[in-house]
Structures are given as C-alpha cells and as structure tokens.
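Let's take a walk through this one together, a step at a time. Have a look at the picture first, and then we'll go through who touches whom.

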Amino acid sequence: MARPKSEWPSKVLALIQSGNHAAAVAQIKVAPTVGDITRLQTQLAKLPPSPALKQLQNFVEEERALLAAPRLHRAP
C-alpha cells in the first residue's frame, strides 16, 4: 500500500503565504526529503512573483541541491 504524500510542503507554503519567511526558511533547512522540497517548488511557482519570493525560491533550490547530493559520510 502506498504511503500518503507528506503534508510538509503545504504547511511551509502556508507559512510563506502568511509572510513568515523566517519560519519557512527554518523549516526548509530541515526538509524531510528531496521530494517534499520538489513539491514545495512546484507550489511556489504558482504564487505571484515578488522579490522576496524570488529570493526564497533561490534558497529552496539551493537546499534541494544540498539534500539531493550524495553524502560524504554517514553518522554512526
């Protein structure tokens, strides 16, 4: 049976839409999976453009790249 999609992207999008970008950035830094960040990027693309949103989209892209990169080491 397939697992349901995470609610994380919609919760972070709600933070962004409410104007609480600092909290959204904190949540993006601890994103659960690359797929969740990708879904958030898709939702961000639907919002009307603004300078703050453009900066946030760039941050999301950087975090997605970091999360998708292979790890150099694993925690014990």
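Here, two residues are in contact when they have heavy atoms within 4.5 Å of each other. Keep in mind that what you're looking at is a predicted model.

Let's start in the middle. The largest nonpolar core has 15 residues. Trp8, Val12, Ile16, Ile28, Leu40 and Leu44 are the ones with the most contacts inside this core.

Glu63 deserves a stop of its own. This residue lies in helix 4. Is Glu63 buried or exposed? The relative accessible area of Glu63 is 16%, and the cut-off for buried is under 20%, so Glu63 counts as buried. Leaving out residues up to four places away in sequence, Glu63 touches Ile28, Lys29 and Ile37. Glu63 and Val25 sit 38 residues apart in sequence, and their C-alpha atoms are 9.9 Å apart in space.

Next, step back and see how the helices lie against each other. Take helix 3 (residues 34–45) and helix 4 (residues 51–68): their axes come within 10 Å and cross at roughly 160°. Angles over 145 degrees count as roughly antiparallel, and therefore that is how helix 3 and helix 4 run relative to each other. Their crossing is left-handed. On the helix 3 side, the contact is made by Val34, Ile37, Thr38, Leu40, Gln41, Leu44 and Ala45. Helix 4 answers with Leu53, Gln57, Val60, Glu61, Glu63, Arg64, Leu67 and Ala68. Sorted by class, this contact has nine nonpolar, three polar and three charged residues.

Helix 3 has another partner to visit. Helix 1 and helix 3 pack with their axes 9 Å apart, at an angle of about 45°, which means helix 1 is oblique to helix 3. This crossing is right-handed. Here Trp8, Pro9, Ser10, Val12, Leu13 and Ile16 of helix 1 meet Asp36, Ile37, Arg39, Leu40, Gln43 and Leu44 of helix 3. By class, that gives eight nonpolar, two polar and two charged residues.

Terms used: Residues are numbered from 1 along each chain as its sequence is written. This is a predicted model: local features need pLDDT of at least 70, side-chain atom pairs count only at pLDDT 80 or more; totals for chains, interfaces and linings use all residues. Side-chain values use heavy atoms; hydrogens and water are left out. Axes are lines fitted to C-alpha atoms, for helices over the stretch in contact, and angles run from 0 to 180 degrees between N-to-C directions. Helices (H or I, at least four residues) and strands (E, at least two) are DSSP runs, numbered from the N terminus. Angles under 35 degrees count as roughly parallel, over 145 as roughly antiparallel, 65 to 115 as roughly perpendicular and the rest as oblique. A crossing is left-handed if the near helix is turned anticlockwise from the far one by less than a right angle, and right-handed if clockwise. Ala, Val, Leu, Ile, Met, Phe, Trp, Tyr, Cys and Pro count as nonpolar, Asp, Glu, Lys and Arg as charged, and the others, Gly among them, as polar. A nonpolar core is a set of buried Ala, Val, Leu, Ile, Met, Phe, Trp, Tyr and Cys residues joined through side-chain atoms within 4.5 Å. Buried means under 20% relative accessible area, exposed over 50%, partly exposed in between (1.4 Å probe, protein chains only).
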